[in-house]
Protein chains: 2
Amino acid sequence: MLPFAKATRALVRRLGPALVDTSEEGRWAASFDSSKLSFLPEAVIMPRRHEDIGPVLELANAQGVPVTVRGRGTTLMGSAAPIAGGWVIDMLRLNKVRIDAEAGMAHVQAGAVNAQVQRAAAAAGWFYPPDPASKAYCTIGGNIACNAGGMHGGKYGVTRDFVIALSGYLPTGEWVQWGVATRKFSAGFNLRDLWIGSEGMLGVVTDAVLRLVPAPAARWTLLTAFASEVEAVEAVRALFREVRVQPAICEFLDRDSVHCAERATGRPVFVGQRDRAVVLFELAGSASEVREESKKLLAWAKTHAVAQRVAKNREEAEQLWEVRRKCSGAMFELGDSKLNEDIVVPMRAYSRFMRFLAQLKKSSRLHIPTFGHLADGNLHVNIMFNREDADQARRAEAAVERLMRKVVELGGAISGEHGIGLAKTPFLRIQHSPAQVRAMQAVKAALDPRGILNPGKMFDVFEVWKQEKLNLKLPWDHK
Amino acid sequence: MLPFAKATRALVRRLGPALVDTSEEGRWAASFDSSKLSFLPEAVIMPRRHEDIGPVLELANAQGVPVTVRGRGTTLMGSAAPIAGGWVIDMLRLNKVRIDAEAGMAHVQAGAVNAQVQRAAAAAGWFYPPDPASKAYCTIGGNIACNAGGMHGGKYGVTRDFVIALSGYLPTGEWVQWGVATRKFSAGFNLRDLWIGSEGMLGVVTDAVLRLVPAPAARWTLLTAFASEVEAVEAVRALFREVRVQPAICEFLDRDSVHCAERATGRPVFVGQRDRAVVLFELAGSASEVREESKKLLAWAKTHAVAQRVAKNREEAEQLWEVRRKCSGAMFELGDSKLNEDIVVPMRAYSRFMRFLAQLKKSSRLHIPTFGHLADGNLHVNIMFNREDADQARRAEAAVERLMRKVVELGGAISGEHGIGLAKTPFLRIQHSPAQVRAMQAVKAALDPRGILNPGKMFDVFEVWKQEKLNLKLPWDHK
């Protein structure tokens with residue numbers, strides 16, 4: 001007997017069977033996200049209008065039914081895994097997008113896909129910069145839940161920097177609106193931003209107003225090579241310190257990541273240059289702005305890099321991008337399992353961090369190809385191992401913990417854009433003091449006193465290592 | 001006998017008399033802010049190091065002593081008035097500013113003055129855009145408390161958009177840190193942003209890391225005139241819709257505001273042009289960007305405005321700025337009292353709002369000169385009246401309430417940059433539903449269970465009309 005069977009029957013009566021899926025297949029499909037940890041819910045609700053959500057929460061709150069909200073489920077952290085069972089609300093039907101071309105805003109429903117918003121904005125001459133790697137799949141609601149970032153973060157910012165207003169539901173089922181469709185709002189506590197990054201634990205976002213920026217008229221792409229990771233990051237620091245150019249994209253790949261890409265393509269990234277760390281730049285803006293900045297950037301490259309290549313057109317730019325696009329999937333040659341840790345380190349600590357990484361690779365005897373966004377310090381540290389090899393798995397586990405302690409010691413963050421979910425719960429208290437965690441938990445208890453929204457996440461330590469993972473390939477998985 | 005005399009004696013014992021002022025003059029000086037509503041505290045604490053604040057709050061929390069934190073007290077809303085007595089913490093000694101020129105960040109203490117941060121940033125080639133009218137006096141801590149904006153909001157954003165990390169104290173006296181000095185952070189609930197705009201009711205900010213942007217190399221100033229307010233705002237809407245230029249500043253003045261400035265200077269703003277609404281533009285960016293945008297903006301002005309003047313240099317720009325700088329002080333010719341209401345309306349409602357304003361001026365029989373930031377819809381509606389004239393005062397009171405209902409009806413906000421404090425408490429529930437207010441109050445109770453931080457603000461309706469105001473001139477008062 002399922003623990004919430006009675007509440008589920010009441011739910012079906014209230015919403016009708018067209019909105020509530022209690023089939024085995026439907027429940028299984030909603031039982032996991034990209035973390036591939038599966039926990040069966042008792043029902044999946046697929047609202048057609050945001051108003052369908054109020055009654056679901058009202059009932060869940062009255063009966064104490066756990067409710068997990070999901071978009072496309074691309075999160076690697078387990079934030080959308082319904083660990084306590086109960087009900088899942090699937091937002092994919094709520095996917096409307098409307099561009100206000102005059103005000104430069106997008107009015108979107110939570111189930112709209114990030115790339116869909118980007119396309120709609122572009123069609124109206126605007127640009128929506130946040131671009132998680134999964135942007136062709138992931139939803140704006142999910143982006144808001146984990147304050148997603150992407151490659152444009154350094155110049156433009158992350159999801160939080162583009163949210164103007166949110167509306168949705170409190171766990172009680174009451175509809176609320178945080179902010180209005182204007183750039184300024186200073187009336188009452190800022191619960192809009194409290195919802196952002198709260199991983200669906202404080203309320204259910206159904207609609208968002210997003211800020212857009214004028215579409216950049218021009219882009220310019222440059223790939224640069226360096227003899228070592230430390231030389232690469234020190235050169236980039238000099239760029240930021242002395243040249244004051246703000247690249248839209250500034251992607252770093254360490255030598256291990258470059259090797260992965262080279263193995264995948266069968267070609268060297270720079271002919272005649274072996275064993276190089278690379279930094280890929282993209283400038284974006286008006287034609288004159290890009291022209292001005294590209295001169296400065298090229299002058300910097302000529303004095304700091306061992307090699308550089310400028311793309312003459314978009315086709316050549318795509319070729320320069322290949323090393324970045326190919327490296328991530330190719331890492332699975334180094335192990336069947338990847339821990340993609342989206343840590344952040346402050347600029348002043350880049351070199352220290354690179355030396356630490358070299359040491360971590362050595363001491364863990366694991367491949368740890370690392371790439372990421374040098375304009376904002378958000379690096380993806382990919383700890384590769386073979387899951388069946390218990391010794392490798394143990395070393396990977398130990399390496400993650402050392403990594404997390406190091407980034408906090410360096411004044412950085414354990415997550416820049418993925419959030420905590422289940423996977424990072426063992427590290428939350430490395431980042432946050434007991435007083436900080438208590439304050440967060442007090443806020444949770446205040447807004448969700450029965451604890452129905454996404455229980456088990458963030459604060460409870462989840463031992464992901466002891467869990468069985470599903471062995472399946474999702475559409476957005478590499479390779 | 002003062003209600004917290006015993007706690008105050010314990011405070012003096014704990015901190016020493018050098019940090020605690022219990023003199024009559026000291027208490028009086030901390031008894032009011034720019035709202036000029038005076039409530040005597042029992043002691044004023046002037047911390048020298050942020051660590052002095054923990055014990056104050058610990059003691060206050062244990063004894064239930066109200067604590068109000070103040071910077072320079074420039075707020076017009078009464079947010080810094082210690083309405084419940086108790087203790088005031090004066091942050092002005094905590095005023096260090098350090099620029100990280102490489103990362104583009106300012107590390108500042110809460111008592112640092114906004115203009116001080118702007119100057120330090122400029123000296124390092126960076127720019128801190130938030131610029132409240134009181135920027136020569138107001139502190140960063142106060143800016144954070146009310147999420148202050150200013151004229152650069154449309155292009156660059158408000159204080160919230162520039163805060164990277166905060167640290168300070170919970171009402172219990174525990175030190176906490178929300179975020180680190182990196183552009184990305186997605187680890188745990190976002191209490192940083194919850195603190196921003198919370199008017200000192202949820203915690204005490206002592207330190208902030210602020211984001212800077214590259215200092216614009218060039219500026220370009222244009223003044224344009226229009227036959228009416230509706231023509232001005234419709235022309236600006238066309239600019240945003242069709243030309244897609246992002247002016248750094250886009251200041252609107254209605255005809256009444258222009259008349260005020262003209263009376264003050266004794267000169268017409270545009271020779272040969274009488275009775276005009278004006279819009280003042282400033283472009284900012286790289287030389288080439290400004291050149292490109294200025295061409296587009298001038299072409300727009302020639303087809304939309306009845307007159308325009310371009311500044312050839314900074315001196316001429318200062319002349320164009322005169323109308324904006326002089327109008328506000330000159331308004332006191334129209335009445336001895338001003339209600340400066342920083343409402344926000346969405347762009348699509350600009351014309352409807354202008355027609356409403358014309359009607360409000362007529363029906364209230366009051367002067368209501370209005371100016372403000374057209375790029376973000378944040379308008380300053382200045383309701384002028386003579387305080388001694390009971391009938392005028394009543395009409396002003398009624399006009400404010402009609403105004404607030406109208407802006408919310410139009411999808412706008414009752415405050416864009418001032419906050420709620422005491423003065424806007426009668427209108428909070430026009431903006432926010434009962435569920436929204438309950439959620440905010442639940443958050444307050446969770447983080448400050450004894451209610452010691454800035455009690456009486458935001459949620460309790462304060463009848464400002466029934467209060468005596470101090471009759472004095474503050475350094476930042478106009479005229």
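Biologist: Which strands does helix 9 of chain A lie across, and at what angle does it run to strand 13 of chain A?

Modeller: Keep in mind that this is a predicted model. Helix 9 of chain A covers residues 255–265. It lies across strand 13 (249–253), strand 14 and strand 17 (370–373) of chain A. Its angle to strand 13 of chain A is about 90 degrees.

Biologist: Helix 13 of chain A also lies across strands; at what angle does it run to strand 16 of chain A?

Modeller: Helix 13 of chain A spans residues 390–409. It lies across strand 16 and strand 18 (378–385) of chain A. To strand 16 of chain A, it runs at about 5 degrees.

Biologist: In what order do the seven strands of the open sheet in chain A stand?

Modeller: Strands of a sheet pair through backbone hydrogen bonds, either parallel or antiparallel. In this sheet of chain A the pairing is antiparallel. The order is 15-12-14-13-17-18-16.

Biologist: Which strands stand at the edges of that sheet?

Modeller: Look for strands with a single partner.

Biologist: Which residue of strand 14 of chain A stands opposite Ala225(A)?

Modeller: Strand 12 (residues 218–226) and strand 14 (residues 277–285) of chain A pair in the antiparallel sense. Nine bridges join them. Opposite Ala225(A) stands Val278(A).

Biologist: Now chain B: is Ile430(B) buried or exposed?

Modeller: Ile430(B) is found in helix 14 (residues 428–431) of chain B. Leaving aside neighbours within four places in sequence, Ile430(B) is in contact with Met404(B), Arg405(B) and Val408(B). Its relative accessible area is 16%. Buried means under 20%, so Ile430(B) is buried.

Biologist: How far apart are the C-alpha atoms of Ile430(B) and Val407(B)?

Modeller: Along the chain, Ile430(B) and Val407(B) are 23 residues apart.

Biologist: What kind of axis relates chain A and chain B?

Modeller: Chain A can be laid on chain B with an RMSD of 0.0 Å. That takes a turn of 180 degrees and a shift of 0.0 Å along the axis. The two copies are therefore related as by a two-fold rotation axis.

Methods: Residues numbered from 1 in each chain as written. Chains lettered and ligands numbered in written order. Predicted model: local features only at pLDDT ≥ 70, side-chain atom pairs only at ≥ 80, totals over all residues. Heavy atoms only, no water. Pairing = 2+ DSSP bridges. Helix = DSSP H or I, 4+ residues; strand = E, 2+ residues; numbered from the N terminus. Contact = heavy atoms within 4.5 Å. Axes fitted to C-alpha atoms, helices over the stretch in contact; angles between N-to-C directions. Buried < 20%, exposed > 50% of the residue type's maximum accessible area, 1.4 Å probe, protein only. Least-squares fit on C-alpha atoms with pLDDT ≥ 70 in both.
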